Structure formats: C-alpha cells, structure tokens
Amino acid sequence: MANAAEHGGANGHAGVIGGGGRLGAARFVLWALAAVLAVRQAAAVLRTPPGEWLSDFHLPGGPGSLPGSLYDAGQFTGTPFAGLVLKPLVALAAPSLEVAWTCVTLLFVAAVGLVAARGLPDPVPRRTALLAAPGLVALMMVSLPVREAASPGQTAVLPVLLVLLAFFRVPGERPSGFLVGLAAALQPALLCFAPLLWLTGRRPTARAAAVTFAGATALSWASLPRDSWTYWVEHVAGTGLGGAPDGPANQSVHGALLRLGLSGPGEVLLHLALAAALAFVGLRRAARYARDGQLLLAVAVTGCVAVAVSPTGWRHQLLWVLLAVAGKVGRRAADRPVWPVAVVLAMTLPSAVLLPNLAALAPVRDNVLLLAAVAAACAVPFLPRSSPYWREPVPTRYGRPAAARWSRVPLLPFWRRVLSRPNLLLELLLIRVGYSLYSHIRAAAPTSRTLAEDNGSRIHAIERALGIDIEHVVNRAVVDTPWLEAFFNFYYTSFHFVVPLAILAVLYWRRPADYRWARASLGLATVMALAGFWLYPLAPPRLMPDLGFVDTVHGVQDLANPSYGAMTAISNQYAAMPSLHFGWSLWCGTVIVVLAPKGWQKLLGALHPLITVCAIVATANHWVLDAVGGALVVGAGFGLVHVLSGPRRLRLSLPGPRPGAGEAGAAGEAGEAGEPVRAPARSGRA
C-alpha cells in the first residue's frame, strides 16, 4: 500500500466536490460549539481541588500518594512505560499541572478530529470537507470516552492521535512505524495495527512498529522491573488494575464474559477463542477497506478490534467507535443516517437512556459500547467504493402538499413530507431516546407541593365558576360502584402507552406517509406538554388536602409522604397540566377517525378519548381543565405539522426516475400518500 501521504484524503481532499453559500457560517458555528464544549469539559475536570487532582494520578511521588510501586494502590491502569513517562511530570507537582494536562488532552482531541477529517476517502463533498472536522470534534467533546479520558493520568487520546498521524500525516515507513509502536507501548492492544500494516503491504512499517514496542517495553523492564512484572505477569497485561474486571467500565469481551457470570479456565479459553475470531474477521475486513481506499475506516475497525480483544478495554479507550462513522451503510439515502446516529447515541448517552431497565436487557445494556465496537469490527456491512450506491444512494421520494382547505392558514414549507417508511432501527432508537428524555425532563420539573396545591386550588375555583367541577361527584360515584372502579382503574393504567404505540406500528407498516405526519404531531404535542409541566406544576384532585377525593388506583395516601409503588422515586406527580393521558388518547382517536377505513373502527377511535377522560376524572388523577389542556396541545401539534409541512393529503412528487421504479411503483406510493391515482394524460389522439 502507498504511504498515507499519497492517500487522497490526507492530501487536502483534492477530490472535494460540490459547494454551498452558507457553509462558512455553519463551519464557524460548529467550531464555536466545539470550543464551548471544550471549555465546559475543562471546567468539569478542574473543579477538583489541585491536591486531590494530583493524587488521582495514583503515581508514586505525587501529593497524597504512597512511595513504592506504580500499582501498589491498584488504581493506575497504564503500562509501566506510561508510568515511566508520567512520573517526572507528577514529580514536578507544579501548581498549573492540572490545567496544562487538561488543556493538552483537549488539544489532542481537536487534533484527532482534524487528522481524521483529512483522512476521509475521496471524493469528498464540499459540505463534508468543511464540516467534518468541527462536527467530529464537537461530538468527541461530549462523548463518554473523552469525558473520562480528561481525568488525571488517562492517556487514551494520545495513542489514537499517534496512530492517526502514522497513517495519514507522517511520511516515511520507519517514522510511521515508530508512532504506531509508541502507541502500542502506551496501550498494548494497539499492536493489532502491526498485522494491518503487514496485510496491506507496509511490512517495513509493521516491523518498525514491533521493534519500537519491544524497545519501549524492554526499557520499562530495565527501569521498573517490579512494576513490569506486576503489570505483564501478575495482572496479565493490566487485567484487574484500576477497577474490577467485571465492572461496566471494562468494555471488552473478557469483561462481558465475567459480567455474564463466567469464570475460571473455561472463561479464559472462551475469551481466547472469541478474541481470535474477532481479530481474524476484523483485521481481514480492515485490510479490505484499506485496499478499497477507505483507510480511515480500516483504522477505526482495527481500533475497535484492539479494544474488544484486550483483557481490559476501558470506556475512555473507545474513541475508535466514533471514528467508524466514516463508513457508509445502506443503499437508500434514508438509511444512511442509521449507523452514524446509532454510534453517536451509544457514545454520548448513558446506556440506561438507550434501553429500559429490564433484567432481560441487562446483558445488552451493560455492554452497549462493546457491542458497538464488535459491530463495527465484524458485522456492519460498510459499502465498498466500487458500489454504485457509494456516491449516489437511492434517493428519497417526497410528496407535494395538496392545496390547503383553509386559505387563511399560512403554510411554511419547513420540511418536506417523505413518502417511504423510515428506517425501523432509526425510528426505534429515536423513539426510545425521545421517551427517556421526556421521562427525565418530566421528573425534573418543579415539584413544590405548596405551589402545586395553590395552582390546584385556582383550577378548582375556576371550575366552580364555570360549573364544571364534577370531579368529586364522579369520583364518589365510582368509589361506590366496585365494578366501575375496577374498570376505570384498569383502563387508566393499561392503555396510556399501548394504544399510541400500536397505532404508530400499524401506520409504519401500512401507511408510511401518514406515519410521519402522525408521529410528528404526537412529538410536538408532547414537547409542548413538557413546557406546561415546568411552567405550571399542578396537584391533581387525589393530592389536594381536605377535598375528600379518593385515589382509586393507589389507595388512600399520606400527602406528606405519598407512595406509588415503583413510580414513587421517578415520577413527578405534579406534572398534571396538561393531561397527556387525555391528550395522547385524543391523538389516537383523531388518527383512527381520520385514517380508519371502516365505520366501526372510527367508532372505537372516537370512544377511546371519551372513556379516557372519564377514567382520569373518576380516578381523581386529573381535573377537567387538565383534559382541556391536553386537547389544546394535541390540537397545536396537528396545527404545527399542517403549517410546517402542509396538509396531510399529498400529491406525488416525481423528481426523476429511480432504478427499478416504474409507473406501478409511483402509483403505489401516491396511493399511500392518500391521493387518488389518475392515468397519465395523453398528448395525442387515441
């Protein structure tokens, strides 16, 4: 293989194509965002007092540390060579060492983003060439690896930078090999890059990397023999240092097997077998991508292999997964965002946000980063550059809005309506993350009991003035009728989530264009409801003192210390205005009435919000005006979708033919969009 200096992506992107008038402003905004995130990260690290910060190095000679071995405290995770390099820095004990360390680490992150962006395979669209570096730097600043790598004594960013410089910026075989070997001396698993160099024809570089690693390791043995024995022999390349090997921070195959309950010789043999299989498959894939001209993807895949097969693959060593977004996945343009979005979510959000807290999902939830690395190394079908879909994926087809029935409603074509169904994995990811964020924001809304009860008294007074204060009468009637109480309790607790999810699933499968319209309106209504929860905390009738309401779902409550089972600690009981129980049911009823083909289906859809409003009032969970608020936000959600994307009914937009699509396909999509299909007009006589 030619050296990295000859690689198109490392030569200033000679193949940049396309243009754009506002790219400069977008580039400036992204760099500004990256700078703000870097300052935020630095502030978070530097809040630690200097004495405690230096002691966190866990190296002899620092304040608060004990004299002796690097590994006496069991917290230092680096190699003896890393300790040999770091000990002089800690011995200085300079007052500004923590500032310098943090700033240098963040500068390394920025350098990784710049070098990686220059390594994208040609031809690179102008927008990508201008925005890739600041976008990648901003993402890395909020990623879990960088947030942990900025802590004292962590050197995980430096090996990544050394490897990238070796492959993309440093000319010459031996200097490149020296950098790779130096990176492996700091993180031994990165010696996996030597086989990649060998498989791609850069054998002098591979030999130089191996010699450098051997020399650095020999130097550490000569200088720190006791520490080298502890690291390489007693702890088998650092296993168990810095934390329990079965802890969630160890995102390697070995750590995953330990978390599954395996141990002993059987676990060791299974780990070796899986590591060998991962290395074989991953390195072959990396070599194939390198020969295909996707060198950055090859480097990212090899890095993922290195972390996965290592006995300890800490979270701060997993920047390689973020670099794997350089690969393109999917033949359709609509499928291209799936892999980048999945990687960004996995690398930036806690696993509890991505997956619900269910025991059956624990093996996945505890190994999200490892699974992302293994998928990038062995499973994700990245497109080769020879694929006809590499440059031009199957385009997304859009519909033109029909004429609005309400001529006085101004339309702002903010987004175009897509006719095809979205990628299922992407939808599931976004729905899960969206609901998790909704739950966290709702739980974090103000919970002042005094304010909530005052607002409850105001709502009650307004209802009395309007003559609609029927909650107490309905609640007492239901309490006195056991079968009715049981019915409303069941309805209230059972259909709030099931019905909306079922409707979305049916629309996704049967009516994709209407699915997007319905999903957008539901999402906008929910966002507006969150604003209501924050601005107007409200005590529901069951939490109002001295009014005589009975909580039929949870029983009689001590208002000073209420209990709602598993939901007590995570649910905000004052997030009642507007009522999303009624709002979501009204959304369900509206969608069913508008889209259902049969009369009995429309009738069931109309009954659902009616029964729901009876249930929320009968169980004393909401005031009547809460339901009015729910209706308002749902109506506003439908209205915003109408204003921003036009009426629900669409005409088919035909931007151009696509491979394999004829008039029948166009007619089918036009039917999905809700418009009648007409035969094309003839230009001449029959």
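Buried means under 20% relative accessible area, exposed over 50%, and partly exposed in between. Val-325 has a relative accessible area of 29%, so Val-325 is partly exposed. The model is predicted.

**Accessibility**

| Residue | Relative accessible area | Class |
|---|---|---|
| Val-325 | 29% | partly exposed |
| Cys-378 | 22% | partly exposed |
| Asn-367 | 6% | buried |
| Cys-588 | 1% | buried |

**Two loop residues**

Val-325 sits in the loop that links helix 15 (319-323) and helix 16 (338-348). Beyond its neighbours within four places in sequence, Val-325 is in contact with Trp-339, Pro-340 and Val-343. Trp-339 is 14 residues from Val-325 along the chain, and the C-alpha atoms of the two are separated by 7.0 Å.

Asn-367 also has a loop position, between helix 18 (362-365) and helix 19 (368-379). Its relative accessibility is 6%, so Asn-367 counts as buried. Which residues does Asn-367 contact, leaving aside its neighbours within four places in sequence? They are Gln-251, Ala-256 and Arg-259.

**Cysteines**

How many disulfides does the structure hold? The count is 0. A disulfide is a covalent bond between the sulfur atoms of two cysteines. The cut-off for such a pair is 2.5 Å between the sulfur atoms. For Cys-378, the closest cysteine sulfur belongs to Cys-304, at 9.4 Å, which is too far for a bond. Cys-378 is partly exposed at 22%, while Cys-588 is buried at 1%.

**Helix 20 and helix 24**

Two packed helices are described by the angle between their axes and the distance between the axes. Helix 20 spans residues 424-444 and helix 24 spans residues 512-535. Their axes come within 9 Å and cross at roughly 15 degrees. Angles under 35 degrees count as roughly parallel, and helix 20 and helix 24 are therefore roughly parallel to each other. Is their crossing left-handed or right-handed? The crossing of helix 20 and helix 24 is left-handed.

On the helix 20 side, the residues that meet helix 24 are Glu-427, Ile-431, Tyr-438, Ile-441, Arg-442 and Ala-444. Helix 24 contributes Tyr-515, Arg-519, Thr-526, Leu-530, Phe-533 and Trp-534. By class, this contact of helix 20 with helix 24 has 8 nonpolar, 1 polar and 3 charged residues.

How values were computed. Residues are numbered from 1 along each chain as its sequence is written. This is a predicted model: local features need pLDDT of at least 70, side-chain atom pairs count only at pLDDT 80 or more; totals for chains, interfaces and linings use all residues. Side-chain values use heavy atoms; hydrogens and water are left out. Buried means under 20% relative accessible area, exposed over 50%, partly exposed in between (1.4 Å probe, protein chains only). Axes are lines fitted to C-alpha atoms, for helices over the stretch in contact, and angles run from 0 to 180 degrees between N-to-C directions. Helices (H or I, at least four residues) and strands (E, at least two) are DSSP runs, numbered from the N terminus. Angles under 35 degrees count as roughly parallel, over 145 as roughly antiparallel, 65 to 115 as roughly perpendicular and the rest as oblique. A crossing is left-handed if the near helix is turned anticlockwise from the far one by less than a right angle, and right-handed if clockwise. Contact means heavy atoms within 4.5 Å. Ala, Val, Leu, Ile, Met, Phe, Trp, Tyr, Cys and Pro count as nonpolar, Asp, Glu, Lys and Arg as charged, and the others, Gly among them, as polar.
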